[in-house]
Amino acid sequence: MSQPDHRRLADSRFMRALRRQDVNQTPVWIMRQAGRYLPEYRATRSRAGDFLTLCRTPELACEVTLQPLRRYPLDAAIIFSDILVIPDAMGLGLSLVESVGPVFDNPITSVNQIGKLGIPDPEDDLGYVLEAVRTTRRNLDQSVPLIGFAGSPWTLAVYMIEGRSKTDFSKVKAFAREDPDAIHSLLDILSRSVSAYLMAKAHAGASVLMIFDTWGGILNTDDYERLSLRYMTEIVRHIKDHRPDVPVILFTKDGGQWVQNIAKTGCDAIGLDWTVNIGDVRHLVGSKVALQGNLDPDTLRLNDEEIEQGVANVLRSFGKGNGHIFNLGHGIKPDIDPDKVTVMVDAVHRLSQAYH
Ligand code: CP3
C-alpha cells in the first residue's frame, strides 16, 4: 500500500504518450482487461455472487482491477465498474441477466419520466465507485496510472430508452425524432451527471478519464454532432476548466469518419476501433491529439506469429514518433485465451522500440 507518486505517474509511458512526449516503448492496455476471459476474474465474480455486487464492493472491484496487471506488464489500469451505474443511480434499476446483458427494470418510456430524473451526487449515490478508485489507487503500483471512465450521454440514453443492450435502436431513434426537446433535456442531465462523476473520479485518484461512446456510430453525421459529440464536448470543457492536468480520451465506436471533429473537442486522445487505418487518422489529426488503438480484437484468436504480425502492422501503420497508445479496437472477448494477451503485450513493447 502506498500513496501515488505524482512525478512517477506523470513520467509513465502512458501519461507521456497522452501528452505526445517521447517514450522508449509504446504503452499498451486493453479495453475490458478485467473480465471474463480471466479465470481469476470468474472466481472473484462467483465469490461476489454476481456482477453488480462485484461492482459495488470496493475491495473486490479493486481486486479484479489489479488481476490483469499481475499477469501482464500493462501500462495502465482501468477501474472495474460499468458505464450503466449512472442510470442505475438515477433510479432505473440495473440488473445483468446471463446471456441477455444489462437490463433496466424502469427504462424511460415517456417524456414526463425525464423531468423527474435528478443528477446523481457522486459521493452519496456512487460512493462505492469512488471508494473502489481510492482503494485501487492505494494498492496499485505507484507508477501505474489508473483510468476512470463513463459512458457518453448519447450511449447512456440509448440504454435508458431501449432498456437492454441487444436492440435495433428503434425506440431511442423514434424518441429523438419525435421529441427533440425531451432527448436534449435527457442528454443535458446526463452530460452534467457524467461531468460531476468524472470529476469525482479524478479527485479520488484517477489520472486519466475516458468516455465510451459505444453507440455514437449508429447515427448519421448531423445527428452524431447534435446528439453525441456536442455533449462530449461539454464534458471535456468542464474537465479542462477544473482539472487541466487530467487527460481525456474519447472513444466513439464506428466514429472513424468523424475524427477531425472529435479532435476539435479539446480531448487529449481519440480511441479508434479496428475499422480505420491508424496511420491515415494520424495524418488527419496527429498534430492535435494522441491516438489509442486499434488491433482487431479477433486477432487474439490467431496463432502467436499472426498476433505478432497484427501488432507489427498497427505499429508500422502509426509509424515513428510519439502519441500512440496501443489497445484493441474494442473490448477483449470473453472466450480469448489469456496467454494470447501475453503474446500481444510483449510484442507491443518489443517491436515498438524501433519506432521511438
Ligand atoms: O475495461 C475494463 O476492464 C473496465 C471494466 C468495464 C466494464 N464495462 C466491465 C463489464 C468497462 C470499461 C465497461 C464499459 C461498458 N459497459 C461499455 C462501454 C465499452 C464497450 O464495451 O463498448 C458498455 C457498452 C457497457 C455496458 C455493458 N456492461 C454491456 C453491454 C455488458 C454485457 C456485455 C457482456 O460483455 O456481457 C456489460 C457487463 C460487463 N461490464 C461485464 C464486464 C466485465 C461482463 C459482466 C460479467 O458477466 O462478468
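Let us start at a pocket: helix H1 (6–10) and helix H11 (180–204) each supply at least two residues to the lining of the second largest pocket. Helices here are DSSP runs of H or I with at least four residues, strands are runs of E with at least two, and both are numbered from the N terminus. The model you are looking at is predicted, so local features need pLDDT of at least 70 and side-chain atom pairs count only at pLDDT 80 or more, while totals for chains, interfaces and linings use all residues. Residues are numbered from 1 along each chain as its sequence is written, and side-chain values use heavy atoms, with hydrogens and water left out.

Back to that pocket. H1 provides the largest share of its lining, three residues. In total 19 residues line the second largest pocket, and His6, Ala206, Ser207, Arg243 and Asp245 lie nearest its centre. Sorted by class, the lining has nine nonpolar, four polar and six charged residues. In this sorting, Ala, Val, Leu, Ile, Met, Phe, Trp, Tyr, Cys and Pro count as nonpolar, Asp, Glu, Lys and Arg as charged, and the others, Gly among them, as polar. The space in this pocket is about 320 Å³.

How is such a space found? Rolling a probe the size of a water molecule over the atoms shows where empty space is left. On a 1 Å grid over the protein atoms alone, a cavity is a set of points where a 1.4 Å probe fits but cannot get out, a pocket is an open set with protein on both sides within 12 Å along at least five of seven lines, and lining residues have an atom within 4 Å of a point. Grid points are joined across faces, edges and corners, and a volume is the space filled by probe spheres set on the points.

Now turn to the largest pocket, with a volume of about 1,300 Å³. Its lining is made of 40 residues, and Arg32, Arg36, Asp82, Leu96 and Pro102 lie nearest the centre. Helix H3 (39–48), strand S2 (94–97) and strand S3 (101–104) are the elements that give two or more residues to this lining. Of these, H3 gives the most, with three residues. By class, the lining of the largest pocket has 20 nonpolar, eleven polar and nine charged residues.

Helix H13 (259–263) and strand S7 (269–271) are the elements that give two or more residues to the lining.

Next, follow the strands. Seven of them form an open sheet in the order S1-S4-S5-S6-S7-S8-S9, with parallel pairing; two strands pair if DSSP finds at least two bridges between them. At the edges are strand S1 (77–78) and strand S9 (324–328), each of which pairs on one side only. S1 is joined to strand S4 (residues 146–151) by two bridges: Ala77 stands opposite Leu146, and Ile78 has Ile147 as its bridge partner. Five bridges join S4 to S5, where Leu209 is the partner of Gly148. Helix H12 (221–242) lies across strand S5 (208–213) and strand S6 (248–252).

Is S4 buried or exposed? Six of its six residues are buried, so S4 is largely enclosed by the rest of the structure; buried means under 20% relative accessible area, exposed over 50%, and partly exposed in between, with a 1.4 Å probe and protein chains only. One of the strand's residues is Phe149, which counts as buried because its relative accessibility is 6%. Leaving aside neighbours within four places in sequence, Phe149 is in contact (heavy atoms within 4.5 Å) with residues including Ile78, Tyr197 and Phe212.

Finally, look at the backbone. Most residues other than glycine have a negative phi, and most peptide bonds are trans. Arg20, however, has a positive phi of about 60°, and this residue lies in the loop between helix H2 (13–18) and H3. Asp254, in the loop between S6 and H13, also has a positive phi of about 60°. The peptide bond from Gly293 to Asn294 is cis, with omega near -10°, and Asn294 belongs to strand S8 (residues 290–295).

Terms used. Axes fitted to C-alpha atoms, helices over the stretch in contact; angles between N-to-C directions.
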